[in-house]
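Okay, hi everyone, thanks for coming. Have a look at the screen and I'll talk you through it.

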Amino acid sequence: MPEPAFRIATFKGDGIGVDVTDATLAVIEAARKRVGGFNLQFEFMDAGAAYFEETGRDIAPGAEETVADADAILLGAIGLPTVRHADGTEIAPHLRLREQLQLYAGVRPVKAYPNAPQRLADARARGIDLIVLRESTEGLFYSAAVHRRSEVASDEEVRDVLRITRATTEKLHDFAFRLAAKRKARGGMGRVTCVDKANVFQSMALFRKVFDERARRFPDIEHTYNYVDAQALDLIRKPWEFDVLVMENMFGDILSDLAGGLVGGMGMAACAEIGDAHALFQPAHGSAPDIMGHDQANPLAAILSGALMLDYLGDRAGHQALADAAALIEAAVQAGFEANALRPMEFGGDQGTKAATGALIAAIERLCV
Ligand SMILES: NC(=O)c1ccc[n+]([C@@H]2O[C@H](COP(=O)([O-])OP(=O)(O)OC[C@H]3O[C@@H](n4cnc5c(N)ncnc54)[C@H](O)[C@@H]3O)[C@@H](O)[C@H]2O)c1
């Protein structure tokens, strides 16, 4: 029987996006070779600020149709602060893709690895292992998803809309509970926390009301609440008490960076954006213009996003080999840090992007499968 093959629409994008995507492709190939049983066909396309400067377009013609047909989308990073539209906003076609493909579930794992920096003195910080689940199509980014959607009243006032719909919120909360159940089966806490501001905003009251309704369908999963300001405090005070945190788009944008900082920095911040029919995988960080072109980027956020992609493809196709390849990459990151074989420059180590990638591939080749 021929091995199943999956089509991956791939955008390297801008700045360090190019380097970390190359690293991810090399690591995925190493894991695929070890595990076997599936093939991946990467289709490379242009998008981003550099492409916009060159052509006046933010994404290559035909690319939006190609991504809609692909099994998954892999992206490096998009945007450069020096390249902007006339209204002052940056080039961000990926926000449009989120909306077009309805990628409502933004999954951002936050996990402490041994020997990676821990910003909190409390020893329990070694046990941080949580997910920020960021709704990614509406909330306060609703205005940003499509250019010129902001309600511009005049040059003196601009209004951006915070939109919460029942349909998306039901799907989001169901996703949160299913994710907590999957993590519980692997030893997780089985807890979902609704992070909102339901005390003052009607939109957030709806978000919480729908959370309560959906929670009843998942009696084996504990459900709790936190206002977003208290959640910011608790992410510093006791992040080890949280499992899956589900929240509106802008809250998730901010808290996922904060949480990423707790376990090192943006170079560890992986991200999956999942909808009912499509999914996009990219590190949560940007193009890092301050270090681009110097082989200094930590590729692990992009690589761990690649592992999330393999896990997603395995789930959808019911094909264990892909989930095994994802688990192998995650185990290699864990083993690499444990043995002090992974030493990214981002954390003061001696490994640039290429050296860290090489060390991870060596760990993949050493691990038993
Ligand atoms: N999804 C995306 O593609 C995305 C996300 C965020 C920002 N951006 C864009 O990226 C550009 C730069 O934005 P920014 O500076 O606010 O955020 P950034 O994430 O690019 O950088 C923030 C800081 O983190 C560091 N950093 C980020 N990733 C790193 C890595 N892998 N290894 C080591 N250090 C890393 C950078 O050097 C910088 O000091 C902007 O144009 C912004 O719009 C794109």
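I'll go through the domains, then the sheet, then a helix pair, and end at the ligand.

First, some housekeeping. This is a predicted model, so local features need pLDDT of at least 70 and side-chain atom pairs count only at pLDDT 80 or more, while totals for chains, interfaces and linings use all residues. Residues are numbered from 1 along each chain as its sequence is written.

The protein chain splits into domain 1 (1-103 + 276-369) and domain 2 (118-262), with bounds that come from an automatic or database domain assignment. Their centres, taken over C-alpha atoms, are 24 Å apart. Seven residues from domain 1 and seven residues from domain 2 make the contact, where contact means C-beta atoms, placed from the backbone, within 7 Å.

Now the sheet. In general, strands of a sheet pair through backbone hydrogen bonds, either parallel or antiparallel. Here we've got 10 strands in an open, mixed sheet, and the order is S2-S1-S3-S12-S11-S4-S5-S10-S8-S9. Helices (H or I, at least four residues) and strands (E, at least two) are DSSP runs, numbered from the N terminus, and two strands pair if DSSP finds at least two bridges between them. Which strands sit at the edges? They're S2 (39-44) and S9 (222-227), each pairing on one side only. In the antiparallel pair of S4 (residues 105-111) and S5 (residues 129-135), there are seven bridges, and Gly106 stands opposite Arg134 in S5. Helix H7 (residues 202-215) packs on the sheet too, touching S8 (191-196) and S9.

Next, two helices. The axes of H1 (residues 16-35) and H12 (residues 353-366) come within 10 Å and cross at roughly 10°. Those axes are lines fitted to C-alpha atoms, for helices over the stretch in contact, and angles run from 0 to 180 degrees between N-to-C directions. So H1 is roughly parallel to H12, a label for angles under 35 degrees. Among the residues that meet are Val20 and Ala23 in H1 and Leu360 and Ile361 in H12. The contact of H1 with H12 has nine nonpolar, two polar and three charged residues. Ala, Val, Leu, Ile, Met, Phe, Trp, Tyr, Cys and Pro count as nonpolar, Asp, Glu, Lys and Arg as charged, and the others, Gly among them, as polar.

Last stop, the ligand. Of the 24 residues around the ligand, Gly79, Gly267, His285, Gly286 and Asn298 come nearest; a residue is near if its C-beta atom, placed from the backbone, lies within 6 Å. That shell has 12 nonpolar, nine polar and three charged residues. Thanks!

Key
Angles under 35 degrees count as roughly parallel, over 145 as roughly antiparallel, 65 to 115 as roughly perpendicular and the rest as oblique. Two residues are in contact if their C-beta atoms, placed from the backbone, lie within 7 Å.
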